[in-house]
Amino acid sequence: MARNGDLTGEVHYPSQDIIRQANQPDYDRINQAMINDLAGEWGRIAKEEFEWFEPWQTTLDSSNAPFYKWFVGGKTNIVYNALDRHLDTWRRNKVALLWEGENYDQRTYTYHQLHREVCRFSSVLRAMGVRKGDRVTIYMGRIPELMISMLACAKIGAVHSVVYGGFSVEALHGRIEDSQSKVAITADGAWLRGNVVQLKDIMDEALQRAPTVQTVIVVKRTGQPVHMEPGRDLWYTDLMNLPIAAADCFTEVMDAEDPLFLLYTSGTTGKPKAIMHTHGGYMVGVATTLKWVFDLKDEDTWWCAADPGWITGHSYIVYGPLLLGATGLLYEGAPNHPFPDRWWDIAERHGITVLYTAPTAIRGLMRFGDAWPNRHDLSRLRLLGSVGEPINPEAWRWYHRVIGNGNCPIMDTWWQTETGHFMITPLPSTPLKPGSATKPFPGVQVDVLDEDGNPVGPNEEGYLVIKTPWPGMLRTIYGDPDRYVQQYWSRFPGMYMTGDSARRDEDGYIWVIGRVDDVIKVSGYRLGTAEIESALVSHPSVAEAAVIGVPDEVRGSVIYAYCILRAGVEPTQKLVEILRDHVGHEVGPIAKPTTIEFVNSLPKTRSGKIMRRVLKARALGLPEGDLSTLEE
């Protein structure tokens, strides 16, 4: 409920019940303890919460910064902690994974069953010659075999490289070639909005120029005929029915700093970067952030409505929930297929208690109105979450009011593929401001700097940086350590450059504005695209918006806006003027768009980020460049 208090602006305070029941109820105390002794506190958590084959000698090694190391000398395996250790507890027969297909078919795996499937596929991979340190590319839809493949790789010490099951031939080929994978795992196809995505065909074409791949394992999902290359391609089911699929596969002992996975960031320019994460620090960071931020309890049913092919899915569909012994849901299809209430139907039928999704999905479903979610009993929900981009206050309020019935705090999380886990986020006990990710996760120290590296004042925009290392941080860009240093650590020496712009308000709350190149300078004023987009979306006619800056001889840049209108709203010149005035009222006259174009869709990456470079190219009549990372 909003009320005035010690904090400025619109503030939503958590109930005393939420604070009392939280896994980590006292932000100030734990944050101060971690700032005072960062390595000591993380070392304590790692020792108390996880199992290690051998203890570490040094919790944090900064001797070769920025190539930081965590839990140096420690021996573990993330899969041992995510699956093996639960088998000797009551969780052995607890549901680990609920899966629902787009066509409503369902599968359920207990921890025992999931462990058995992972062991069997691990044995298959070993029989295929996969060894510790080998790279394996995984390319499929949101089906349980995707998770099983990831876990099987990690169990035997192989490095998985998951490529989202919708990337183009070029994007897939580039990632296979860069990682030098020797095995690829795919499916015949994937279901999306009632159509088949031809995964195997795309894989076949990509492999025509990828000689390192010796074996392709194919999961049968959609059932259409596909080409199977003799001597290379093998059906997953056939392999799992052979004696080689032994259920007693041992878990490889891994050094804490051994690679766990590569994940490629799409970026807007240049070659995609292979971000490398490791077993030890990533494990500790992901599980701890999920436990504290989303307050997961044994009785919860957790739904991270992302794709395992992105960092959100890696961290908070696959590894985080299993490390905590939680029950998680994986859904194959689109949010509005076959009807706009598909998500709310799933939440009701499966008794979801904690939901984590992206603002782009929230805005997309909000467009259909309140009636669709109101058909369903969402009363089991107790916490909501947001990820992927800054959430505009209007979408925040709808999410809170309609989906959460005004009772569910929204954990608005800021983090990156590179950070591995949440970095700026509330805890359930944190008072919330719609549109702000609130404060850094305990122990994370951030700052907002000007061009010269000096901290800016309250409510001034600047470069968002991270000043201290954290357990789940990327260790390098695979095969390109120089680029790692140049990309992330050279702009402000000793600090991690996030590439985002932000401001800190008078209460110390962080408001992420967007990518640095998504800040438009008009007549000397710095305007964040997110701020203008929020103003447009706050008008009842607009469902979604994206703005860019285009060159102007007088003002440096002017604002060009693209808007998707709500159902039933007609695009007119009068509406253009109304929206311009609305932005002027909400942000200021300087922020009025010079041009507003009404469109039916926006170019987005498959993780939901708007590709503003494509919009800019369209506005200027220039080539749009590589579109392989776009959703459509």
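Q: How many disulfides does the structure hold?
A: Zero disulfides. A disulfide here is a pair of cysteine sulfur atoms within 2.5 Å. One ground rule: this is a predicted model, where local features need pLDDT of at least 70, side-chain atom pairs count only at pLDDT 80 or more, and totals for chains, interfaces and linings use all residues. Residues are numbered from 1 along each chain as its sequence is written, and side-chain values use heavy atoms, with hydrogens and water left out.

Q: Cys119 and Cys249: buried or exposed?
A: Cys119 is buried, because its relative accessibility is 1%. Cys249 has a relative accessible area of 10%, so it is buried too. Buried means under 20% relative accessible area, exposed over 50%, and partly exposed in between (1.4 Å probe, protein chains only).

Q: New topic. How many aromatic pairs are there?
A: The structure holds 32. Rings of Phe, Tyr and Trp (its six-membered ring) pair if their centres lie within 6.5 Å; planes under 30 degrees apart count as stacked, over 60 as edge-to-face and the rest as tilted.

Q: What kind of pair do Phe261 and Tyr282 make?
A: Edge-to-face, because their planes are at 80°. The ring centres are 5.1 Å apart.

Q: Where do those two sit in the chain?
A: Phe261 is in strand 14 (residues 259–265) and Tyr282 is in helix 10 (residues 279–293). Helices (H or I, at least four residues) and strands (E, at least two) are DSSP runs, numbered from the N terminus.

Q: Which residues do ring pairs link into a cluster?
A: Phe67, Tyr68, Trp470, Tyr484, Tyr488, Trp489 and Tyr496.

Q: What sits over the ring of Tyr104?
A: The charged end of Arg342, 3.7 Å from the ring centre. Likewise, the charged end of Arg107 sits over the ring of Trp99, at 4.9 Å. The test is NZ of Lys or CZ of Arg within 6 Å of the ring centre and within 35 degrees of the ring normal.

Q: On to sheets. What is the strand order in the open sheet of four strands?
A: The order is 21-22-24-25, with antiparallel pairing. Two strands pair if DSSP finds at least two bridges between them.

Q: Which are the edge strands?
A: Strand 21 (446–449) and strand 25 (510–515). Each pairs on one side only.

Q: How many bridges join strand 21 to strand 22?
A: Four. Leu449 stands opposite Tyr463 in strand 22.
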